[in-house]
Amino acid sequence: MKKILPLSCLQMLAAALALSGGAAWAQVDVGAASSLRTLVPAETLEQSAQQQYAQLLAQARAQRALAPEGNPQLLKLRAIAQRLIPYAEQWNPRARQWRWEVNLIGSKEVNAFCMPGGKIVFYSGILNQLQLTDDEIAMVMGHEMAHALREHARERLVKSQATNLGLRLGAQLLGLGEVGTAAANVGGQLLTLKFSRSDESEADLVGLELAARARFNPQASVTLWQKMTQATGGGGIGFLSTHPTGPERIHELQANLPKVQGLYEQARH
Ligand SMILES: [Zn+2]
């Protein structure tokens with residue numbers, strides 16, 4: 001009589017699969033990663049992201065918007081990424097095998113992201129319109145890398161797909177095939193995913209830690225978001241629409257600074 005509620009099934013399974021994903025070696029503590037994410041195979045999502053990334057680059061290339069090798073802004077982005085990447089695997093052992101890529105797309109759009117598997121794109125709009133310093137770029141990049149490392153997309157996709165999958169999922173709990181298929185089919189969503197407020201807080205803190213370890217000034221996280229607050233955005237799927245900012249976020253960032261100041265000082269010496 002009573003229908004199986006897919007979410008309670010999910011939760012039970014999630015509990016069964018829960019990994020002790022704590023991060024004892026890390027200076028900042030953001031708790032264990034959500035166990036829900038384990039319902040979408042990481043490989044599936046990373047493959048899907050890779051296809052999406054390749055498509056995006058091909059599109060940009062066709063429009064002559066993809067920055068060529070040797071472009072000074074692209075070189076700068078890649079140099080910043082090279083400093084951050086060594087600290088990434090502390091947050092996710094899979095990152096050791098990721099083939100990190102960094103590309104720059106010429107566009108007025110104020111946007112940047114890192115897809116699952118370490119595929120990074122910056123739009124020139126975010127660099128030029130906000131006049132970002134290297135430290136501020138590192139904060140954006142660290143924040144986006146943190147979303148990928150903490151696998152926020154996996155978690156979000158499970159949550160959004162769970163309701164659609166409904167009872168079919170109940171029948172396939174052991175195989176998990178449905179969720180995996182769903183994840184493979186939503187590559188396009190990866191670019192427009194809006195994370196929860198708690199995902200955002202986590203990405204701010206983890207990104208800040210990566211940047212501090214890589215010798216980028218933590219104070220830049222505050223100036224970055226002050227600039228974001230003042231920017232007009234321009235609508236669309238830009239960073240500003242997926243990253244609401246305001247006094248609350250700035251306040252939280254300021255409260256985070258002492259947590260990583262020691263790491264930054266250590267990195268400088
Ligand atoms: Zn974010």
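## Overall make-up

Helices (H or I, at least four residues) and strands (E, at least two) are taken here as DSSP runs, numbered from the N terminus. On that basis the secondary structure of the protein comes to 11 helices and 3 strands, and from the N terminus on the elements run α-α-α-β-β-β-α-α-α-α-α-α-α-α. The model is a predicted one, in which local features need pLDDT of at least 70 and side-chain atom pairs count only at pLDDT 80 or more, while totals for chains, interfaces and linings use all residues. Residues are numbered from 1 along each chain as its sequence is written.

Of the 269 residues in the protein, 39% are buried, a residue being buried if 20 or more other C-beta atoms, placed from the backbone, lie within 10 Å of its own. Two residues are in contact if their C-beta atoms, again placed from the backbone, lie within 7 Å; among contacts with a separation of 6 or more, 74% join residues 24 or more positions apart.

## The sheet

Two strands pair if DSSP finds at least two bridges between them, and the 3 strands form an open sheet with mixed pairing in the order β1-β3-β2. Because β1 (101-105) and β2 (112-115) stand at the edges with a single partner strand each, one side of each is left without a neighbour in the sheet. Neighbouring strands are turned by 15 degrees against each other on average, direction ignored.

β2 pairs with β3 (residues 119-123) in the antiparallel sense over 4 bridges; Phe113 has Val121 in β3 as its bridge partner, and Ala112 stands opposite Phe122 in β3. The hairpin of these two strands has 3 residues between them, and there Gly117 takes a positive phi near 95 degrees. Both faces of β2 are covered, with Ala112 and Cys114 buried on one side and Phe113 and Met115 buried on the other.

## Helices across the sheet and the core

Axes are lines fitted to C-alpha atoms, for helices over the stretch in contact, and angles run from 0 to 180 degrees between N-to-C directions. Helix α3 (residues 72-84) lies across β1 and β3 at about 150 degrees to β1, whereas α5 lies across β2 and β3 at about 30 degrees to β2.

A nonpolar core is a set of buried Ala, Val, Leu, Ile, Met, Phe, Trp, Tyr and Cys residues joined through C-beta atoms within 7 Å. The largest such core has 57 residues, of which Leu84, Ile126, Ala138, Met141, Met145, Leu210 and Ala211 touch the most other members; α5 gives the most to this core, with 9 residues. Leaving aside neighbours within four places in sequence, Ala138 is in contact with Ile80, Leu84, Ala211, Ala214 and Phe216.

## Helix α9 and its two partners

The axes of α5 (residues 134-149) and α9 (residues 219-230) come within 8 Å and cross at roughly 85 degrees, which makes α5 roughly perpendicular to α9 (65 to 115 degrees counts as roughly perpendicular, and over 145 as roughly antiparallel). Asp135, Glu136, Met139 and Val140 in α5 meet Ala220, Ser221, Thr223 and Leu224 in α9.

With α11 (residues 247-268), the α9 axis comes within 9 Å and crosses at roughly 175 degrees, and α9 and α11 are therefore roughly antiparallel to each other. Here Gln219, Ser221, Val222, Trp225 and Gln226 in α9 meet Arg249, Ile250, Leu253, Gln254 and Leu257 in α11.

Note on methods. Angles under 35 degrees count as roughly parallel, over 145 as roughly antiparallel, 65 to 115 as roughly perpendicular and the rest as oblique. A residue is buried if 20 or more other C-beta atoms lie within 10 Å of its own, exposed if 12 or fewer, and partly exposed in between; C-beta atoms are placed from the backbone.
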